[in-house]
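Here is a colleague's note to read with the model open beside you. Take the points in order and find each residue as you go.

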Amino acid sequence: MAVLEVRTVPDPVLRQEAAPVEKPDAQLRQLLDDMVETMYALDGVGLAGNQVGVLKRVLVVDISKTRDGSEALKLINPVILEESEEGFVYREGCLSVRPEASDSETDLFADVTRPKTIKIQYMDVEGVMQEIEADSLLSQCIQHEMDHLDGVLFIDHLSSLKRGIILRRIDKVRRQKQVEQS
């Protein structure tokens, strides 16, 4: 397995829509394994194909405490079948919304409201269609990653003022790092 490069704003791949996967193969299974390893290495709870520069509708999520891969979900072509009217607010961050994917010191977070419960259909790594229900944090994480597959970032759910603050902060940190390196 390998730790992949995570793309960060303003990389255009983050704004593109990912294409469906017809049938999982060994290469796709390796990609998903690498995505899980990358997610753990960067202390994330989810990662979508776009974030590693692969425009395929794939994502991985693991909100467990063990972080050993045993509870990692690998979802191919996920689709929301049902969602609750009840909302759930969670302070979201993103491996792609920071000056560098490896820069955990400048993580930027904001409260985002999403449906509390969702039912999704997806293909597993063997090509079998599955359905699961997700609640609270798991629901939030899956929806966050599914947004990536449509070219949507969590900051798009914020007011233009809050989004601007976050993007300006990223620019400021990047400029400071460039000055320090020169």
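**Starting from one residue**

1. Let's begin with Val-60. Setting aside neighbours within four places in sequence, Val-60 is in contact (heavy atoms within 4.5 Å) with Leu-32, Met-35, Val-36, Met-39, Val-45, Gly-46, Leu-47, Leu-73, Lys-74 and Glu-145. Before going further, please note that this is a predicted model, in which local features need pLDDT of at least 70 and side-chain atom pairs count only at pLDDT 80 or more, while totals for chains, interfaces and linings use all residues. Residues are numbered from 1 along each chain as its sequence is written, and side-chain values use heavy atoms, with hydrogens and water left out.

2. Which residues touch the most other members of the largest nonpolar core? They are Leu-28, Leu-32, Met-35, Leu-47, Val-58, Val-60 and Ile-76, out of 18 residues in that core. A nonpolar core here is a set of buried Ala, Val, Leu, Ile, Met, Phe, Trp, Tyr and Cys residues joined through side-chain atoms within 4.5 Å. Buried means under 20% relative accessible area, exposed over 50%, and partly exposed in between, using a 1.4 Å probe and protein chains only. H1 and S2 are the elements that give two or more residues to this core, and H1 supplies the largest share, seven residues. A second, separate core has 15 residues, among them Ala-18, Val-61, Tyr-122 and Met-146.

3. Those labels come from DSSP runs: helices are H or I with at least four residues, strands are E with at least two, and both are numbered from the N terminus. An open sheet has five strands in the order S1-S2-S3-S6-S7, with antiparallel pairing. Its edge strands, S1 (46–48) and S7 (129–135), each pair on one side only. Two strands pair if DSSP finds at least two bridges between them. On average, and ignoring direction, neighbouring strands of this sheet are turned by 40° against each other. Axes are lines fitted to C-alpha atoms, for helices over the stretch in contact, and angles run from 0 to 180 degrees between N-to-C directions.

4. Now look inside the sheet. S2 (residues 58–61) and S3 (residues 73–83) run antiparallel and are joined by four bridges; Val-58 faces Ile-76 of S3 across this pairing. S6 and S7 are also antiparallel, over seven bridges, with Tyr-122 opposite Gln-130 in S7. These two strands form a hairpin with five residues between them, and Gly-127 in the turn has a positive phi of about 90°.

5. Where does H1 lie? Helix H1 (residues 26–41) lies across S1, S2 and S3, at about 40° to S2. Helix H2 (residues 136–149) packs on the sheet too, touching S1, S2, S3, S6 (117–123) and S7, and its direction makes about 155° with that of S2. The buried residues of H1 are Leu-28, Leu-31, Leu-32, Asp-34, Met-35, Val-36, Thr-38, Met-39 and Tyr-40, and they pack against S1, S2 and S3.

6. Most residues other than glycine have a negative phi, and most peptide bonds are trans. Asp-43, in the loop between H1 and S1, has a positive phi near 60° and is exposed, with a relative accessible area of 65%. Asn-77, found in S3, has a positive phi near 55°, but Asn-77 is buried, at 16% relative accessible area. The peptide bond from Val-9 to Pro-10 is cis, with omega near 15°, and Pro-10 lies in the segment before H1.

7. Finally, visit helix H3 (residues 160–181), which has 22 residues. Buried or exposed: how do Gly-164, Ile-166, Ile-170 and Val-173 sit in H3? They are the buried residues of H3, and they pack against strand S5 (110–115). Arg-163, also in H3, is partly exposed, with a relative accessible area of 22%. Not counting residues up to four places away in sequence, Arg-163 touches Ile-155, Asp-156 and Leu-158. Arg-163 and Ala-110 are 53 residues apart in sequence and 9.2 Å apart in space, C-alpha to C-alpha.

How values were computed: The expected span of a helix is 1.5 Å times one less than its number of residues.
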